[in-house]
Amino acid sequence: MKFAITALIVFTIIISSCNHAIDKSDPLVSGRGFIEASLKGNYRMAKNYLLEDSTNLEYFEGLKDFNSKMSREDQLGYSGANIIIDSSVAPSDSVDFIYYTNTFKNKPSKIKMFKKNKDWLVDFKYTFTDN
């Protein structure tokens, strides 16, 4: 009986720890989630916010590769950085552009958010192509 109760408790803890709801219902929340996960090097989490097409996945893999070759000092700097949202521009009800910087490099950056069904996802290729 004790084993059954212990097993049930362990199972409940495992299930509840895996059930992190990812909010993709708002472009700013979703965009911030992607940026934060990327800065911290948590690419598994960042990929949840990515509009998955072949080009985006290729650029995303390139980002992971590039960041893996950064110095440890830079990786820690990005990981500890805060995100500063400069502006958000929504030219339509399914597209939103987020302009931001981070406190480590303080270099202006942008991402394009695209609404697919009810989720706002990062169209990562825009960061590199401006289309």
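How many aromatic pairs does the structure hold? There are six aromatic pairs, where rings of Phe, Tyr and Trp (its six-membered ring) pair if their centres lie within 6.5 Å, with planes under 30 degrees apart counted as stacked, over 60 as edge-to-face and the rest as tilted. This is a predicted model, in which local features need pLDDT of at least 70 and side-chain atom pairs count only at pLDDT 80 or more, while totals for chains, interfaces and linings use all residues. Residues are numbered from 1 along each chain as its sequence is written, and side-chain values use heavy atoms, with hydrogens and water left out.

Select Tyr43 and Phe60 to begin: the ring centres are 6.1 Å apart and the planes stand at 80°, so this pair is edge-to-face. Tyr43 belongs to helix 3 (residues 43-47) and Phe60 to helix 4 (residues 54-68), so the contact ties together parts 17 residues apart in sequence; helices (H or I, at least four residues) and strands (E, at least two) are DSSP runs, numbered from the N terminus. Both Tyr43 and Phe60 are buried, a term for under 20% relative accessible area, as against exposed over 50% and partly exposed in between (1.4 Å probe, protein chains only).

Next select Phe97 and Tyr126, a tilted pair with 4.9 Å centre to centre and 50° between the planes, which links strand 2 to helix 6 (residues 125-129) across 29 residues. Phe97 is buried at 15% relative accessible area, and Tyr126 is buried at 9%.
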